[in-house]
Structures are given as structure tokens and as C-alpha cells.
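Subject: Structure handover

Hi,

Here is the structure I promised to pass on. Please open it and keep it in view while you read.

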Amino acid sequence: MLNINSITKGIVIDHIKPGYGIMIFEYLKLDKADFTVALIMNATSKKYGRKDIIKIENELDIDLAMLGFIDPNITVNIIENEKITEKINLSLPDRVESIIECKNPRCITSVERGITHKFVLIDEDKGIYKCEYCDQIYSWEG
Ligand SMILES: [Zn+2]
């Protein structure tokens, strides 16, 4: 087991679904970070069996909506002076912009260029979004 538990100041992204850690790592461009980062894959979790964890020894502005869209079960811990000062439980965001694209060929976002793709969450349990322009359904599959 790697001993990288002590972060003085930074962020720990916990309870990531196994296999999703690398995706989030790359999404946050942590592979290009000039501060200390750690990606832990397949850690043992009491709650989920296995999980990925990302530790970031830096302050970082994270798009929590995007992160929640990738994996709504994630917990984001803010660390200061080696203690968790804030624990944020993510969920599917109510709205997503420029993340998913409408597949309806007749939608204005398909017909015209440069329009922001916008989706609104209409069923949180099932993870169903609809396009704000044409009501096309997008089903989230985690
Ligand atoms: Zn649409």
C-alpha cells in the first residue's frame, strides 16, 4: 500500500468508480501538473468494494458539475492543515452545457454551428436528460 495519505493542503477525490480515475485524472489535466498528484486505482472500499482515488497537493478549481456527470457517487474532500475541512458529495448536475451533444439531426444545435449544447436533468434516479432546444432524450450511463 502506498503511503501518500498525508496531504497538507489540497483535494482528495474519493469513491471514484474503478476505472474512472484515469479518465478524471486526464480530464483535470493532472498528467501535466507541476505539483504533487496521485492516482490510486482499485483501492479497497468498505462502501463499494473497489474504488479509485485521486490526491492533489494543490488548490484547484474543479468543475464539480462535470465531475458529478462523470461519476455522481464521487466525494470531494478539501484538505487544509492535513484535515478535511469540507466534504462535498456529488450528484448528477441539474444542467450540463457543452458536455454532451444532441444527436437529433433536426435540432438547432445540429443545423447551426456555434450553439452551446444544453441538457437539463429530468429524471435523477434514471439519469435522464433532455435537450433544452428540441427535447431529445439523453440517458446517462455510468
Ligand atoms: Zn436538441
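Below is what I found, from the overall layout down to single residues.

**Overall layout**

This is a predicted model. The average pLDDT is 91, and 95% of the residues score at least 70. Among the elements, confidence is lowest in helix H2 (residues 64-70), with a mean of 91. It is highest in E8, at 97.

The protein has three helices and nine strands. Read from the N terminus, their order is β-α-β-β-α-β-β-β-α-β-β-β. The C-alpha atoms fill a box of roughly 55 × 30 × 25 Å along the principal axes. There are two domains: domain 1 covers 9-89 and domain 2 covers 95-139. Their C-alpha centres lie 27 Å apart.

Of the 142 residues, 22% are buried. Residues 24 or more positions apart account for 54% of them.

In soluble globular proteins, nonpolar side chains tend to be buried together. Look for that here.

The largest nonpolar core has 16 residues. Ile 13, Ile 16, Ile 24 and Ile 54 have the most contacts inside it. Strand E1 (9-16), helix H1 (21-27) and strand E3 (49-56) each supply at least two of its residues. E1 gives the largest share, four residues. Leaving aside neighbours within four places in sequence, Ile 24 contacts Ile 13, Ile 16, Ile 54, Leu 67 and Ile 70.

A second, separate core has seven residues, including Val 96, Phe 119, Cys 131 and Tyr 138.

**Around Phe 119**

Phe 119 sits in strand E7 (residues 118-123). Is Phe 119 buried or exposed? Phe 119 is buried, because 26 other C-beta atoms lie within 10 Å, and the cut-off for buried is 20 or more. Beyond four places in sequence, Phe 119 touches Arg 95, Val 96, Ile 100, Tyr 129, Lys 130, Cys 131, Glu 132 and Tyr 138. Cys 131 is twelve residues away from Phe 119 along the chain, yet their C-alpha atoms are separated by 4.5 Å.

Which strands pair with E7? Strand E6 (residues 95-97) runs antiparallel to E7 and is joined to it by three bridges. Here Glu 97 stands opposite Lys 118. Strand E8 (residues 128-131) also runs antiparallel to E7, with four bridges between them. Leu 121 has Tyr 129 in E8 as its bridge partner. E7 and E8 form a hairpin with four residues between the strands. In that hairpin, Gly 127 takes a positive phi near 70°.

**Two residues to check**

Most residues other than glycine have a negative phi, and most peptide bonds are trans. Two residues here are worth a look on that point.

Lys 29 is not a glycine, but its phi is positive, about 55°. Lys 29 lies in the loop between H1 and strand E2 (37-45). Lys 29 counts as exposed because it has 9 C-beta neighbours inside 10 Å.

Asp 135 also has a positive phi, near 70°, without being a glycine. Its place is the loop between E8 and strand E9 (137-139). Asp 135 is exposed, with 12 other C-beta atoms within 10 Å.

Best wishes

Conventions. Residues numbered from 1 in each chain as written. Predicted model: local features only at pLDDT ≥ 70, side-chain atom pairs only at ≥ 80, totals over all residues. Contact = placed C-beta atoms within 7 Å. Pairing = 2+ DSSP bridges. Core = buried A, V, L, I, M, F, W, Y, C linked by C-beta atoms within 7 Å. pLDDT = per-residue confidence, 0-100. Domains from an automatic or database assignment.
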